[in-house]
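Subject: Structure and salt-bridge notes

Hello,

Here is the structure we talked about passing on. My notes on its charged pairs follow below.

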Amino acid sequence: ARVATLPFTLISTFIAAFYRSSHSAGATGYLLIVAFDIVLATVVVPLFGCFYCKNPSPRAAFVAIIGGAITRVVLEFALPKDGFLLLPYDAPEFLNTGPGASTGTPVFWDVDPGDMWDETVEPCVQESFEDFTGVDSLSAFLVCILSFVSVQTIEHCTGKPLFSFAGMQGYHKDTTEHPLKGSSIDKMDETAFQDDTTKRGNPDADEGDA
């Protein structure tokens, strides 16, 4: 991770410097949105898996990160996004009528036919809204979850690594509770225990103190 910090910082700097976007949030805002999406699609699931799995698999984390990142990047360019934030629905109210197609009068007006709108000359195209913004983010997150759980389950059932190469060595977490050695609380407890033992061994000590 430390070795990858410098090259990825340089790559991010160049992207931020030269990227141009027509998105309503602007280039900087859209890059920030994509950055949060990449984090959600890659490292969130392995991070939770590291804490809540007894023996988390580094291979499961690796596959989840790669799978989530590839899915997010592919869907970024594969899914249509018209900027209206509406999924396509088969209903008239979800048609993009756009601006007026003609300056002519409607055909039901009682005017000169030459002043009426002629749809054969000036067609009014009404395409359906089609914006899958957010679908790419959630889909990549689901792919990351499925990838991590699948590899983790396969290795748990088979009892052996699914694949192996340098850097894929796992670790075993010590989940047993250990008292804090040398703490002031331990010393106070030890002193109280010794005093109680002394009094039980010498019952006349309490009478003499009284």
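A salt bridge here is a side-chain nitrogen of Lys or Arg within 4 Å of a carboxyl oxygen of Asp or Glu. This is a predicted model, in which local features need pLDDT of at least 70 and side-chain atom pairs count only at pLDDT 80 or more, while totals for chains, interfaces and linings use all residues. Residues are numbered from 1 along each chain as its sequence is written, and side-chain values use heavy atoms, with hydrogens and water left out.

The structure contains 6 salt bridges. One of them joins the side chains of Asp 37 and Arg 72, at 2.8 Å from N to O. Asp 37 sits in helix α2 (residues 26–42) and Arg 72 in helix α4 (residues 58–78), so this pair ties together parts 35 residues apart in sequence. Helices are DSSP runs of H or I with at least four residues, numbered from the N terminus.

Arg 72 also forms a salt bridge with Asp 136, at 3.4 Å from N to O. That pair links distant parts of the chain, 64 residues apart, with Asp 136 in helix α5 (residues 135–158).

On accessibility, buried means under 20% relative accessible area, exposed over 50%, and partly exposed in between (1.4 Å probe, protein chains only). Asp 37 is buried, Arg 72 is buried at 3%, and Asp 136 is buried at 2%.

A further salt bridge pairs Glu 76 with Lys 81, at 3.3 Å from N to O. Glu 76 counts as buried at 18%, whereas Lys 81 is partly exposed at 30%.

Asp 37, Arg 72, Glu 76, Lys 81 and Asp 136 are linked in a network of salt bridges.

Regards

Definitions and conventions:
Helices (H or I, at least four residues) and strands (E, at least two) are DSSP runs, numbered from the N terminus.
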